[in-house]
Amino acid sequence: MIKKDSKVTLKDIARELHLSPKAISSGLNHTGRLAPETRRKIQETARRMGYVPNAAARSLVTHNSRFIGVLIPYLDKSFFCKIIAGIEEIAGRQGFMLLLDSFDKGDEQKHAVISAMMQRDVDGVILYPREEDFCVAEEIRAMGVPVIQVMEYFPEFGEYAVTMDNFIAAQHAMEHLFERGHRQIGFIAHNPENYVQNERLRGYREAMIRHGLGSQMLFRYAKASMEGGIEVASELFQANEKLTAIFSASDQAALGAIRTALSFGKRIPEDFAVVGFGDMELAANQAVYPLTTVAQPKEEVGRLAAGMLLSLLNGEAVQSPTLDAPLVVRRTS
């Protein structure tokens, strides 16, 4: 019987399986051209024998730290946690670990985060880019490792990104409302300086124009919060008492619009419809009014970003995908 021992080496596993140490290394590191059955036997035998890889030694040989830096804001929000879960799923299969930071700090702290990741010699970076983070964009590029952006894209951070087609997604949401007979439709917009948010507003505008309703467009800017939705939805109702639907550029503001509609005596969805954007857990889990919303495939974004980064580390060419964001129809429409 083989005793589990933390000092088990590649040569020990090689002797057990009558293979070369090089083949064992390839099987454990997911490299080389091994038959799937051989790779499986290598990994199972290594686990059974209690083999523990020496990360420091492997790093010296491969010049890889097996760490991926992930810079995502709002780590307490389910939206971004699901992106992280997708990254971890793919990266973990290849033996990589994630170094996480919320990156939601002041400029001085952001510089410290990048410095810490450089000290850990991360093999790549996946980040949610924002204009307020441009202060460290040059430092991130100077790390000399692959950088993958998620959800948004700014050339300041590099050339690779996994993004959504926000314009088309907004148009699909509008078509859903048109199909249900709505013509007096208001829109809650966010941040006129943000490209993604402007694409959602552009989708609303062009859909209204395509249906001959250009003169009836009605939108207001608000914070992406329930409070912002409550306030701006009230303004939309006051501007057009015949309003029968609101499309919001965020789920948070859409939930505020529901509250406002109910306060105006509207029945949902009989008298009034509300559509959001994002498909946050809070939107789906509303007890009485689960929200119709544009669902961004968050886990898939994470999986694709991790796959792109690993491909770049292997010297492979990659393309930046733009994903569709399907509409999930629920109680509010």
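Visitor: What does Ser-311 count as at 18% relative accessibility, buried or exposed?

Guide: Ser-311 counts as buried, because its relative accessibility is 18%. The term buried means under 20% relative accessible area, exposed means over 50%, and partly exposed is in between (1.4 Å probe, protein chains only). This is a predicted model, so local features need pLDDT of at least 70 and side-chain atom pairs count only at pLDDT 80 or more, while totals for chains, interfaces and linings use all residues. Residues are numbered from 1 along each chain as its sequence is written, and side-chain values use heavy atoms, with hydrogens and water left out.

Visitor: Where is Ser-311 in the chain, and which residues is Ser-311 in contact with, leaving aside neighbours within four places in sequence?

Guide: You will find Ser-311 in helix 13 (residues 298-313). Helices (H or I, at least four residues) and strands (E, at least two) are DSSP runs, numbered from the N terminus. Contact means heavy atoms within 4.5 Å. Leaving aside neighbours within four places in sequence, Ser-311 touches Glu-316 and Val-318.

Visitor: How many helices and strands does the chain have?

Guide: The chain has 13 helices and twelve strands. Its C-alpha trace spans about 80 × 40 × 30 Å along the principal axes. Of the 333 residues, 47% count as buried. Among contacts with a separation of 6 or more, 67% come from residues 24 or more positions apart.

Visitor: How should I read two helices that meet, such as helix 1 and helix 2?

Guide: Start with the axes, which are lines fitted to C-alpha atoms, for helices over the stretch in contact; angles run from 0 to 180 degrees between N-to-C directions. Angles under 35 degrees count as roughly parallel, over 145 as roughly antiparallel, 65 to 115 as roughly perpendicular and the rest as oblique. Here the axes of helix 1 (residues 10-17) and helix 2 (residues 21-29) come within 8 Å and cross at roughly 105°. Helix 1 and helix 2 are therefore roughly perpendicular to each other. On the helix 1 side, Leu-10, Lys-11, Ile-13, Ala-14 and Leu-17 meet Pro-21, Ile-24, Ser-25 and Leu-28 of helix 2. By class, the contact of helix 1 with helix 2 has seven nonpolar, one polar and one charged residues. In this scheme Ala, Val, Leu, Ile, Met, Phe, Trp, Tyr, Cys and Pro count as nonpolar, Asp, Glu, Lys and Arg as charged, and the others, Gly among them, as polar.

Visitor: At what angle do helix 2 and helix 3 pack?

Guide: Helix 2 and helix 3 (residues 36-49) pack at about 90°, with their axes 9 Å apart. That makes helix 2 roughly perpendicular to helix 3. The contact of helix 2 with helix 3 has five nonpolar, three polar and one charged residues.

Visitor: How do I read the sides of one helix?

Guide: An α-helix has 3.6 residues a turn, so residues three or four places apart point the same way. Take helix 6 (residues 107-119), whose buried residues are Lys-110, Val-113, Ile-114 and Met-117. The buried residues of helix 6 pack against strand 1 (67-71), strand 2 (97-101) and helix 7 (137-142).

Visitor: Which residue with a positive phi follows helix 6?

Guide: That residue is Asp-121. Asp-121 has a positive phi of about 60° although it is not a glycine. Asp-121 lies in the loop between helix 6 and strand 3 (124-127), and counts as partly exposed because its relative accessibility is 44%. Asp-279 also has a positive phi of about 60° without being a glycine, but Asp-279 is buried, with a relative accessible area of 17%.

Visitor: Where is a peptide bond cis?

Guide: Look at the bond from Ile-268 to Pro-269, which is cis, with omega near 5°. Pro-269 sits in the loop between helix 11 (251-263) and strand 9.
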